[in-house]
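Welcome! Please take a moment to look at the sequence and the 3D picture, and then let us walk through them together.

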Amino acid sequence: MSIFAGFDVGSLTTKAVIIKNKKIGGSAIIKSGPKPVESANKVLEKLINETGINKNDIKYSIGTGYGREKITFINDAISEISCHGKGAQWVLPSARTIIDIGGQDCKVIKLDKNGTLIKFITNDKCASGTGRFLDVMAKVMNIDVSELGKISEKSTKPITFSSMCTVWAQADVIKFINSRRPAEDICAGINSAMANRLSMLTNSIKVEKDICMTGGVAKNKGVVNALGKILGCRIKRIKKIDPQLMGALGAALFAQESI
Amino acid sequence: MITAGCDIGSRTAKAVIFENNKIISSAIIPAKLDPIESSETVMKLVLEKANLKFSDIGKIIGTGYGQQEIPFAHHLESEIVCHAKGAWWNIPSARMIIDIGGQDSKAIKLDEKGNVTRYTYNDKCASGTGRFLEIMADALQVDLDEMGGIGKTFKEELNISSQCVIFAETEVVSLISEEKNVADILNALHKSLANRVASLARSLSIEKDVVMTGGVAKNIGVFDALADGIDVPIRSLDGIDPQINGALGAAIIAST
């Protein structure tokens, strides 16, 4: 029984997924440390503890993410773009556009029905539109970033920001809190601002259905719904796996194909 | 006629009283939450300093991002025009003004009469604005006013690769944990800010004399790095706080 592993070393979190018998056999997520190889080792350890597999059971492994070249124990490294595309289309064969939002970047990836990459665009220069934007706002709101979606559900009058820049938006949130705007309206405004910024990327790539979102931020229903509204079509939710694991899943699938 | 200029910025409010082609008094205060309060407070202060009353002022021109809220302004004028006028009055050979304020940066080209011919600005991204310095001063726990001087004592040439203030702050936190020298980090930050603004200026094509205005001009690290960035010497206003340049320009326009 062959086990294949994928490792995604991101700036904020490191993820691992194993494929066993052509199915997802287990996964792990940890907070990234300053050294990618240490993060990869730590997540491997967690994976082993949680799945009970032996390190030597892994037949082939692939690394992705910004720290991939530094992981010593993998067999090969593949770009995040390819891995997110691979993972998303395996989970959702009808996926043609993948919007991946990571801790410090965001990407829009277009694939054809065979999984061939058609076009992609990334932003890793501006914090706006990345997980970082939500982290900063959640901190000001004194809530966990995972609560932004839920709290916003009750909103009737979302706030609007004067600018998309994370720094100015942060100052705006403070002003809104001080003027006692309801938390749900502020959270809804934050989610919308995020979606608006992402739409700047999607605008330049002409999205095609089915559209899905990957990366940690995909778990925020508020952002997903707001973006769906802007794009004028429902964004398909990923249910088979935590969307944050998509890169690692794709890497594991590539590992499976390598033999 | 005695005139006044009132520049309500995002972080500070400035006022200048002008008569017979001379600055009578000037004032700078931190901006209040309410721009109306900012304008009233700074005008009160500048009048006190000049030993004058409101009724002594013949004409007041307002400028700055909060200009609409100045209750006593007779007219309003754009910051672009005011900065050009103020700097040109002080340095008639000025053909380009680079202004870095609390929340924006501008590059302005002017003709020999001090009239604006072209301009460009950034008020969307915190990078290249005074806010960048405020955030970094916090991160490094140094006084905003001392950043420039400390940065000049740098020994190791570091590099901050991120333009985004948020990502740059993360880099700074890393550098601090790597026990890098504060002076070295500051120098790198000043270069980063200057480069961002230099790009803005270069999009208009640089023309001497270049004058730097706005509060950030008081940071010698940024000032020098900006001159390096555009590869042209920069002049500072002669005997005038660069931060009051907008209000000065407004007061001069009021007098014409």
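**A walk through the two chains**

Let us begin with chain B, where the domain assignment gives domain 1 (1-91 + 241-256) and domain 2 (95-236); domain bounds of this kind come from an automatic or database domain assignment. Before going on, please keep in mind that this is a predicted model, in which local features need pLDDT of at least 70 and side-chain atom pairs count only at pLDDT 80 or more, while totals for chains, interfaces and linings use all residues. Residues are numbered from 1 along each chain as its sequence is written, and chains are lettered from A and ligands numbered from 1 in the order in which they are written.

Back to the two domains of chain B: the C-alpha centres of domain 1 and domain 2 lie 25 Å apart. Where they meet, 16 residues of domain 1 of chain B are in contact with 22 residues of domain 2 of chain B; two residues are in contact if their C-beta atoms, placed from the backbone, lie within 7 Å. On the domain 1 side of this meeting place, the largest share comes from helix 2 (residues 79-90) of chain B, with eight residues. Helices (H or I, at least four residues) and strands (E, at least two) are DSSP runs, numbered from the N terminus. The residues on that side of domain 1 of chain B divide into eight nonpolar, six polar and two charged. In this sorting, Ala, Val, Leu, Ile, Met, Phe, Trp, Tyr, Cys and Pro count as nonpolar, Asp, Glu, Lys and Arg as charged, and the others, Gly among them, as polar.

Now look at chain B as a whole. Its secondary structure comes to eight helices and 10 strands. The radius of gyration of chain B is 18 Å, close to the 18 Å that the globule rule gives for 256 residues, so chain B is as compact as a globular protein of that length. That radius is taken over C-alpha atoms, and the globule rule is 2.2 Å times the number of residues to the power 0.38. Taken along the principal axes, the C-alpha atoms of chain B fill a box of roughly 60 × 35 × 30 Å.

Next come pairs of helices. Two packed helices are described by the angle between their axes and the distance between the axes. In chain B, helix 6 (residues 182-202) and helix 7 (residues 220-230) pack at an angle of about 45°, with their axes 8 Å apart. Axes are lines fitted to C-alpha atoms, for helices over the stretch in contact, and angles run from 0 to 180 degrees between N-to-C directions. Helix 6 of chain B and helix 7 of chain B are therefore oblique to each other; angles under 35 degrees count as roughly parallel, over 145 as roughly antiparallel, 65 to 115 as roughly perpendicular and the rest as oblique. Helix 6 of chain B passes helix 7 of chain B in a right-handed crossing. A crossing is left-handed if the near helix is turned anticlockwise from the far one by less than a right angle, and right-handed if clockwise. By class, this contact has 10 nonpolar, five polar and two charged residues.

Let us turn to chain A, which has eight helices and nine strands. Chain A is divided into domain 1 (1-92 + 244-259) and domain 2 (94-237), and the C-alpha centres of these two domains lie 26 Å apart. Here 14 residues of domain 1 of chain A are in contact with 20 residues of domain 2 of chain A. Helix 2 (residues 80-91) of chain A gives the most to the domain 1 side, with seven residues.

Chain A has a helix pair to visit too. Helix 3 (residues 131-141) and helix 6 (residues 183-203) of chain A pack at an angle of about 170°, with their axes 10 Å apart. Helix 3 of chain A and helix 6 of chain A are therefore roughly antiparallel to each other. Their contact is made by F133(A), L134(A), M137(A) and M141(A) of helix 3 and A183(A), I186(A), I190(A) and M194(A) of helix 6. By class, that contact has eight nonpolar, no polar and no charged residues.

Finally, where do the chains meet? Nine residues of chain B are in contact with 11 residues of chain A, and helix 5 (residues 165-177) of chain B gives the largest share of the chain B side, three residues.
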